[in-house]
Amino acid sequence: MRFQELHQRGTNTVTSHSSSHNIILAAGGTGGHLFPAMSLGKTLEEKGYTPIFLIDKRAEVKFQEKNASDWSFFVIKSGGIVGKNLFTRMKGALQLLLGTIQAAFILRRLKPDAVIGFGGYPSLPPLLAARLPFFKKTIPLVHEGNAVAGTANRLLARLGARVCLSFPETKGFSDNAASEYIGMPIRPELDDLSNRYPYIPPSTTGEIHLLIVGGSLGASVFSTLIPQALEALPNEIRSKIYISQQASEDFIPQLTEKYNKLGIHIKKIVPFFHDMIEQISEAHLLISRSGGGTVAEVIAADRPAIFIPLPTAAADEQTVNANFLVKNQAAWLIPQRELSENPQQLTVLLKEIFENTQILAQTADHLKILAAPKATERFTDYIISLISHSSNPSE
């Protein structure tokens, strides 16, 4: 019944798109997968292509909140098949099979030029369907947003999908994988933020704008450990800090009370920043997780950051992402375990930075060297060139 409803919705919403200009974008689970897909979708649309999204149930709400272009989308089944108990793996395999069947019907109707997956298990069904003999003219691609390849993307690369990379050094793919360094598709307003709002470090006597971002709703550990680190700073430093923090609703009252008690100025404490461009443009320093999208935005915005990687990431990819900047002297990294054992490790680092703000200027300069601007446009041009070559193989 669920698939019949989805198939009927597809009939209603995408009939007019059943042309050779359709491109399927498969993403789900987290914003880290979905938002780059949506950035690419906008640019593809500007080039005359029709983006159609295949997403999972978890991504549906995010998609509907962010979707301003009335894009067509299907919610399909998907499931994980690695690292769990036998029953869960069997259930995941069944979900994967059902999702692949759903995707095959959708591809048969739309006849897309390309299917592009953005990682995670929700990208598997559309890309597996694209490898069926019926869809030989459909180009399969995956985008890897982290510096360590995910399980789904490694599998799809082995099955012949082309790989587009966010990081110039990415671990996990075989040497014979067809890969291209593209960069991370990000919002256009962030892509040129460093040009519109050049980074100016704080003076030794001026305000210090600190932005704390921790995942889609604010990491709870940031709401406990970071205030402890700030509390140990000298009064003369705390009095200059103006803080914006992402935190869950449950932590907002105690954070507000804590910062007021410490003499730290509160700009905003909210579960989600709807004015992220303004927040980043004003920030002198970020404290953040280090997902691929976040790292790309830090580089594009030219804003120094202290990364505290998510410790539960499957392949510890957030640590590898952050280390790409650290080894280029373009960021700092503190493992969450170490911060939990000794919050004053962050205190020492903040004190060093805020007492010598030229460190921030030097870090921003190193970020400029790593910048890969116009990644979304570069990705779009690469896709179009593959489609063109596929249509005219003699060229």
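**Helices, cores and charged pairs in a predicted model**

Arg-108 sits in helix α4 (residues 86-110); helices here are DSSP runs of H or I with at least four residues, strands are runs of E with at least two, and both are numbered from the N terminus. The model is a predicted one, in which local features need pLDDT of at least 70 and side-chain atom pairs count only at pLDDT 80 or more, while totals for chains, interfaces and linings use all residues. Residues are numbered from 1 along each chain as its sequence is written, and side-chain values use heavy atoms, with hydrogens and water left out.

With a relative accessible area of 59%, Arg-108 is exposed; the cut-offs are under 20% for buried and over 50% for exposed, with partly exposed in between (1.4 Å probe, protein chains only). From Arg-108 to Phe-167 the separation is 59 residues in sequence and 33 Å in space, C-alpha to C-alpha.

Phe-167 brings us to the aromatic pairs. These are rings of Phe, Tyr and Trp (its six-membered ring) with centres within 6.5 Å, counted as stacked if the planes are under 30 degrees apart, edge-to-face if over 60 and tilted for the rest. By this rule there are four aromatic pairs. The ring centres of Phe-167 and Phe-324 are 5.4 Å apart and the planes stand at 90°, so this pair is edge-to-face. Because Phe-167 lies in the loop between β6 (162-165) and β7 (179-181) and Phe-324 in helix α14 (residues 317-326), the pair ties together parts that are 157 residues apart in sequence. Both Phe-167 and Phe-324 are buried.

Next come the nonpolar cores, defined as sets of buried Ala, Val, Leu, Ile, Met, Phe, Trp, Tyr and Cys residues joined through side-chain atoms within 4.5 Å. The largest has 38 residues, of which Leu-230, Ile-241, Leu-285, Ile-306 and Leu-346 touch the most other members. Among the elements giving two or more residues to this core are β8 (208-213), α9 (220-231), β9 (241-246) and α16 (344-355). The biggest share comes from α9, with six residues. Leaving aside residues up to four places away in sequence, Leu-346 touches Ile-226, Ala-229, Ile-287, Ile-306, Ile-334 and Leu-339, where contact means heavy atoms within 4.5 Å.

Helix α18 (residues 375-391) shows a one-sided pattern of burial. Its buried residues are Ala-375, Thr-376, Phe-379, Thr-380, Tyr-382, Ile-383, Leu-386 and Ile-387. They cover an arc of only 160° around the axis, so they are on the same side of α18; the arc is that of the directions from the helix axis to the C-beta atoms.

Finally, the structure holds 11 salt bridges, each a side-chain nitrogen of Lys or Arg within 4 Å of a carboxyl oxygen of Asp or Glu. One of them joins the side chains of Glu-231 and Lys-258 (2.8 Å, N to O). Since Glu-231 lies in helix α9 and Lys-258 in helix α11, this pair ties together parts that are 27 residues apart in sequence. Glu-231 is partly exposed, at 38% relative accessible area, and Lys-258 is partly exposed too, at 27%. Another salt bridge links Arg-337 with Glu-341, with 3.7 Å between the closest N and O atoms. Helix α15 (residues 336-341) holds both Arg-337 and Glu-341, four residues apart, about one turn of the helix. Arg-337 is exposed, with a relative accessible area of 54%, and Glu-341 is exposed, with 59%.
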